[in-house]
Amino acid sequence: MTKELHPNLRENVRLLGDLLGKSIRHNLGDEMFHKIENIRIAAKADRGSDLGERKQLKAAIGCLSDEQLVPVTRAFNQFLNLANIAEQYHTVRRRAPKEERVHNRIDTIEDILLRLKAKGLSAEQIMAQVKDLNIEFVLTAHPTEITRRTLIQKYDHISEGLEELDRDDLLDNERENIESHLLRLITEAWNTDEIRYERPTALDEARWGFAVIEYSLWTAIPSYMRKLDKALFEHLGTSLPIDVNPISYASWMGGDRDGNPNVTAEVTREVFYLSRWMAADLYIRDIKKLRSQLSMSVCNGELGRATGRAREPYRKILAELRTKLEETRDWAEQGLTGHPEQNDRILLHTKDLLEPLMVCYRSLCDSGMEVIANGLLLDVIRRVQCFGLQLVRLDIRQDSERHADVMAELCHYLDLGDYAGWTEEQKQSFLVKELSGKRPLLPPLWEPGPEVAEVLATCRVVAEQPAEALGSYVISMARKPSDVLTVILLLRECGVQYPLPVVPLFETLNDLQNAEQSIDQLLSNEWYKAYVNGHQEVMIGYSDSAKDAGQMAAAWAQYQAQEALVAVAQKHDVKLTLFHGRGGTVGRGGGPANRAILSQPPGSVAGSFRITEQGEMIRFKFGQPKVAVQSFDLYVGAVLEASLTPPPQPKPEWRDMMDELSQAALTSYRRVVRETDHFVEYFRSATPEQELGKLALGSRPARRRQGGGVETLRAIPWIFAWTQMRLMLPSWLGSDKALRDSVDGGKTELLRDMLQHWPFFETHVDMLEMVLAKVDTDIACYYDVRLVRPELRELGESLRNRAIQIIGLINKLKEQDELLRDNPVFQHSLRVRNPYTDPLHFLQVELLVRDRTEGETNKATVERALKVAMAGIAAGMRNTG
């Protein structure tokens, strides 16, 4: 039975839709408004009918002129964005009903603490784990944020307007004023072009990431710490210690150069300075507010001595700190245009910012003014502990081949031999010998080629930074120990004097399967083990492994790799941090964060969790303070629970079943994607994959290299393209064949046992179900009929039949008659969107036909409408790639 939307959410969706209608009517006139409304009504009336019979919708769209395509497409795009705003506000509204949290499986930290206590854990055990939590979000510039920043800001203000309306005591004129303000905002959005015409630079992407911190996270971090502190005190009788900070941030924006020639050493250097400038500026604002508040004269001896017994000691020490921050900001600004001059008043280390604040805190507490100490001052201290002087720690990412190229060219120059031709043992022996010695390896007069020079220039930029400004150096496509040792050597040769974490990223099926052996070899090396000093970080790639092997085979390989890495770390007595390179979609390892964390292998979380957050997911999870606080609650609660009460070890028969399923899924997936004749041609015809390049999503190219087939395409456009035409192929292809074989082989009860008692398999099937709920084979068929040549349509038909079959299999396994029976809120949300996404699909097909037609006279108009349609469908599906 489908659950209706909550009355408040339904009312907000209706209100925003009505206001959008008023804005469209005012801007486009009655005739255009009625055309748009007739299309919406036709889409709603035709829903559920056979594709060939959707005559009303086809007729309403078919009569549109080229000039009418853009406004009609924009109207449906805007409504879907407004529906998203209403839904997102509803998840964090103060009076959100508990039953909806249950339906969406949203646990608060309070829920988690109660559950842990019910399982017999003591307050001391729970608190010890809280103190040891280390959760780091890594903001990436992966090009999946399709909405312009200027519109995002307007949407945030619309959300604030919904919050203002969410009161029972509003006077009529107050309600009218708020609704008038919402109408103005919606009209501003309508009259703002939603399409970027120029790709953002890597520096633009970094600025966008910093804006998320300034406008949301700067408020959210201390707000969440207060929430966590309150929950701990109420349920455990203990407050959160002032020196405990479970959350931190890092970034790839300006540091991720893997396949992106636009991220150069100079860009990375600028981002380092820009980050420092932004941090100093934000702290200056805080210190000014603190000086205004801390006007008292009573202090302890420590502060009195530090300020020479000043009449207003708090203001004096804060004035000195403000001056240093201002000089630090000026120094960073100079760094953006050249090489700044350093002096002893510039703050380079976070402890130099934190200590004066702690002196003030201790003094206020010693003087009986705890209530003041625990106000704004505590909030600023929490910010410093989270963001530091660097705002975010910058990761560097580069492909392993680029480092190997440096060694090959260097060895050739030094007449040391053919590095590329050496065995892995020879490479490791050479690298460890160089790392163990003291003489420099890089010749001062050597003039390497441009690509090698760029790698070395990046390492030199890293060497200029204090250790706390860096996160990790991530090696894409890492395979062997020599990949890691090479980077450590290059960093040392370029002047890095501290043990920067160098993190191998295992991202293909073979690399995941060999990860255990690679890390075991590294940790068996005495020099390397001393270098890591008891802490090893490894990154698991979800996107490329899923594109390489299919979702099911990749998920099982990721699970097994993590299990094996945990065992290796225990063998060598080092602490392991797994860095999860998850995307926003199921096909890239996405899905509800708490469910994903709680389904990790036993022992793989252990208080430490590092994860990428990208594109539109940054906005959905952290774009507004209240949304960010809810996200922190999910992550902290899930990591705490997974650490203290990890899931059970899978039974031997479950492992055997997963081995069988993943092998069948892998074979089936690759048979289609790699071995089927004309599959690539079908993919490029039936989806807007080629047209996606026209969307200026990010600074990174869509392909790792030009030409080639699916293997050269990045995971994001691979997912994005299939999502646009509603087949969602990457998330289920292969899984259908594997599950069908098992069910036909009499394994249904075993699968149900796994579904009921194994969080990994339950989460995998639930994520599969969520993505299958977005599949629409009728719409996918329409893309085929209009865009694919007749000889290839049989392939499309077989894929659609397979999608229908796996939907039936999931329903059979879960013993239900329709998808999402146990998640009715999400189910109804999709149904509400259909009358708005359906027209966009039909419009997109029409636009693709026109765009691909030689001699199309209104090419610019068609292309603009096509971009808007892509953006609208992405909004309707709540993700891109």
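**Helix packing and a buried leucine**

L768 lies in helix 33, which spans residues 759–772 (helices, H or I of at least four residues, are DSSP runs numbered from the N terminus). The model is a predicted one, in which local features need pLDDT of at least 70, side-chain atom pairs count only at pLDDT 80 or more, and totals for chains, interfaces and linings use all residues. Residues are numbered from 1 along each chain as its sequence is written, and side-chain values use heavy atoms, with hydrogens and water left out.

With a relative accessibility of 3%, L768 counts as buried (under 20% relative accessible area, 1.4 Å probe, protein chains only). Apart from neighbours within four places in sequence, L768 is in contact with S731, W732, S735, L739, I806 and I810, contact meaning heavy atoms within 4.5 Å. M552 stands 216 residues from L768 in sequence, yet their C-alpha atoms are 9.5 Å apart in space.

Elsewhere, helix 8 (residues 149–165) and helix 9 (residues 172–190) have axes that come within 10 Å and cross at roughly 165°; axes are lines fitted to C-alpha atoms over the stretch in contact, and angles run from 0 to 180 degrees between N-to-C directions. Helix 8 is therefore roughly antiparallel to helix 9 (over 145 degrees). Among the residues making this contact are L151, Y155 and I158 of helix 8 and I178, L182 and L185 of helix 9.

Helix 10 (residues 202–236) bends by about 50° at S216, the bend being the angle between axes fitted to the seven residues ending there and the seven starting there. Just after helix 10, G237 adopts a positive phi of about 75°.

Notes: Helices (H or I, at least four residues) and strands (E, at least two) are DSSP runs, numbered from the N terminus. Angles under 35 degrees count as roughly parallel, over 145 as roughly antiparallel, 65 to 115 as roughly perpendicular and the rest as oblique. Buried means under 20% relative accessible area, exposed over 50%, partly exposed in between (1.4 Å probe, protein chains only).
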